[in-house]
Amino acid sequence: MVTRGISAAFVVLVAALTVCRAGSGPAVASAANATIRGRVELRQPSSDPGSRVSVADLGMSAMHAPTDRRSVVYLDPAPRAAFDTREEPRPRLDQRNETFVPHVLAIVAGTTVDFPNSDHTYHNVFSLSKTKSFDLGRYAVGHSKSVRFDRPGIVRVFCDIHSHMSAFILVFAHRYFSVADPDGSYRLESVPPGTYTVVAWNEAAALESRRVVVPDTGGEVEVNFALGRR
């Protein structure tokens, strides 16, 4: 009888402790990710569309000069959560009307890029960049070749047949980057709470960076840039 009474009391005590432990103190809310958004503005027109001296720039005409010189905004360094292996469609750097489309492409390291020829003329896509050097040779309309970009960095792409053709491929080791829209607006989604450096890149301007704090409450953080052209 004594043993049975002790056992019953023990069961009641354990149940009471469980209730108290479950209900003690307020629940700790998990931190929410946020969106960093804003706009990148170029301050004044550039008198030098090429902005960088290159043999491939010689002979560039106004009719072929790229007009879609978009900015790229990214985190440096990126949160640990940025490093993942999700599958995405293979990007394309097309050749149309003797122009690379898009003029600026941003990708994650390890991505393979297709270079289709949509012109009724031969093209030769190549790069002498340290990040990725390659030469695809000459190929005609309807054909496509590809390159895998394994290292982060900036790759400038040319055509050795048409000296006015050029493009930029920015390769990142993470996914916290955004190619700005034509009006300069951008969004960096799902950024964990923390303090970061947000960097704005444009081929015609020097890099600019801002320090930003992403709160635990999530929401949106606005960061704007006004880049001075080179």
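**Figure 1. Aromatic pairs in the predicted model.** Six aromatic pairs turn up in a search of the whole structure. Rings of Phe, Tyr and Trp (its six-membered ring) pair if their centres lie within 6.5 Å; planes under 30 degrees apart count as stacked, over 60 as edge-to-face and the rest as tilted. This is a predicted model, in which local features need pLDDT of at least 70, side-chain atom pairs count only at pLDDT 80 or more, and totals for chains, interfaces and linings use all residues. Residues are numbered from 1 along each chain as its sequence is written, and side-chain values use heavy atoms, with hydrogens and water left out.

**Figure 2. Close-up of the Phe126 and Phe158 rings.** The ring centres of Phe126 and Phe158 lie 5.9 Å apart with planes at 35°, so this pair is tilted. Phe126 sits in strand E7 (residues 123-128) and Phe158 in strand E10 (residues 153-159), so the pair ties together parts 32 residues apart in sequence. Strands (E, at least two residues) and helices (H or I, at least four) are DSSP runs, numbered from the N terminus. Phe126 and Phe158 are both buried. Buried means under 20% relative accessible area, exposed over 50%, and partly exposed in between (1.4 Å probe, protein chains only).

**Figure 3. Close-up of the cluster of Tyr74, Phe172 and Phe177.** Ring pairs join these three residues, Tyr74, Phe172 and Phe177. Between Phe172 and Phe177, the ring centres are 4.7 Å apart and the planes stand at 15°, so the pair is stacked. Phe172 counts as buried, at 8% relative accessibility.

Figure 4. Beyond four places in sequence, Asn124 touches residues including Asp135, Leu136, Arg138, Phe158 and Cys159. Contact means heavy atoms within 4.5 Å.

Figure 5. Tyr196 counts as buried, with 9% relative accessibility. A polar atom of the Tyr196 side chain lies 2.7 Å from the backbone oxygen of Pro192. The side chain of Tyr196 reaches the backbone oxygen of Pro193 at 3.4 Å. The C-alpha atoms of Tyr196 and Ala78 are 7.7 Å apart, although 118 residues separate them along the chain. With neighbours within four places in sequence left aside, contacts of Tyr196 include Leu75, Pro77, Pro79, Val191 and Arg210.

**Figure 6. Close-up of the largest nonpolar core.** A nonpolar core is a set of buried Ala, Val, Leu, Ile, Met, Phe, Trp, Tyr and Cys residues joined through side-chain atoms within 4.5 Å. The largest core has 21 residues; Ile36, Tyr186, Val198 and Phe225 touch the most other members. Strands that each supply at least two residues of this core include E1 (34-42), E13 (185-191) and E14 (194-202). Another core lies apart, with 19 residues, among them Phe149, Cys159, Ala167 and Ile169. Leaving aside neighbours within four places in sequence, Tyr186 is in contact with residues including Ile36, Val40, Val73, Val198 and Phe225.

Key:
Polar contact = N/O pair within 3.5 Å; in protein donor to acceptor, adjacent residues only side chain to side chain.
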